[in-house]
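The stops below are given in the order in which to select them.

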Amino acid sequence: MPAPGRGVHVLLTAILLRVGRTVLSAVASAAVIVGLWYAFIAVFDLDPLVAKDPQAVWTYLFTADKAAESRRTILDGLWHTLGDAGVGYLAGTVAAIVVAVCFVLFRSVERALMPVAMMLRSVPLAAMIPLLTLIFGRGLTAVGIIVFFPSLVNLVFGLRSGPPAAADLVLAYGGGPVTVLRKVALPSALPALFVSARIAVPGAVIGALLAEWLATGEGLGYYMQRAQQTFDYGGVWASVVVITVASIALYAIVGFIEAIVLARYGPNSGLGR
């Protein structure tokens, strides 16, 4: 058995490696977005009145005469949008975990409902939100459902990815399906859970924005719609930048949590070797 100090060192090393990859990915993504932004405006020779570059957005948010007021308005809308996205994200993720576990324990339920989940997973957000709003009203149900279906499909496949030999060993020692789920399936599904969690972050934010734009009349989505109607194109571009930065930050936070959990409990954890 490895010494406790060595186990902690292995854990910290695994966490730092995973966090480093997440941060590097976020920085690289931001650099690519900025580069493509400048290139898009230059290649298509867009009118600067409508197409704002990063420098113009910086001016709008920080150095213009009304920068403080604009920044306060956008941040107020951002917190509202992130609140909507966060509630829908948590509800959709928890519901997906519960239903995925039911699917694994009861195969007849999975065979009946999984095709529906696969079909709904492929429906575009812009088409889904008006229909969900019509059915469920102007609450956060639409965001939760948007998160739910992609997470459910990934989680079911993750729960099915456990080593068959390990499941057979648990059964041979008298364990039942619940024990196999707890000892084999859930640890094996952790990578799929966090993949779903990372994918669901931008999905939840986009879903909240679309719901605000199309239905609720609140938050940053509604502010962007109003800014477009009043020809405040700087406000539109600044809002897009702010929500993009927030999405990247949330993605990185989920990646940080993933690093800690997988390094300690994941199937490839260095502990106990």
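Start with Phe231, which is exposed, at a relative accessible area of 61%. Exposed means over 50% relative accessible area, buried under 20%, and partly exposed in between, with a 1.4 Å probe and protein chains only. Phe231 sits in the loop between α9 and α10 (233-265). Its phi is near 60°, a positive value in a residue other than glycine. Most residues other than glycine have a negative phi.

Before the next selection, some conventions. This is a predicted model, in which local features need pLDDT of at least 70 and side-chain atom pairs count only at pLDDT 80 or more, while totals for chains, interfaces and linings use all residues. Residues are numbered from 1 along each chain as its sequence is written, and side-chain values use heavy atoms, with hydrogens and water left out.

Now select Asp45, in the loop between α1 and α2. Asp45 also has a positive phi, about 50°, although it is not a glycine. Its relative accessible area is 66%, so Asp45 counts as exposed.

Stay in that loop and select Lys52, which lies between α1 (4-44) and α2. Is Lys52 buried or exposed? Lys52 is buried, with a relative accessible area of 18%. Contact means heavy atoms within 4.5 Å. The side chain of Lys52 also reaches the backbone oxygen of Leu49 at 3.4 Å. For a distance label, pick the C-alpha atoms of Lys52 and Tyr38, which are 9.4 Å apart and belong to residues 14 apart along the chain.

Next, select helix α2 (residues 54-63) together with helix α3 (residues 67-105); they pack at an angle of about 100°, with their axes 6 Å apart. That makes α2 roughly perpendicular to α3. Axes are lines fitted to C-alpha atoms, for helices over the stretch in contact, and angles run from 0 to 180 degrees between N-to-C directions. Angles of 65 to 115 degrees count as roughly perpendicular, under 35 as roughly parallel, over 145 as roughly antiparallel and the rest as oblique. To see the contact, show Thr59, Tyr60, Leu61, Phe62 and Thr63 in α2, which meet Ala67, Ser70, Arg71 and Ile74 in α3. By class, the residues of this contact are five nonpolar, three polar and one charged. Ala, Val, Leu, Ile, Met, Phe, Trp, Tyr, Cys and Pro count as nonpolar, Asp, Glu, Lys and Arg as charged, and the others, Gly among them, as polar.

Finally, select the whole chain. It has 10 helices and zero strands; helices (H or I, at least four residues) and strands (E, at least two) are DSSP runs, numbered from the N terminus. The C-alpha atoms fill a box of roughly 70 × 50 × 35 Å along the principal axes. Of the 273 residues, 39% count as buried.

Technical notes: Polar contact = N/O pair within 3.5 Å; in protein donor to acceptor, adjacent residues only side chain to side chain.
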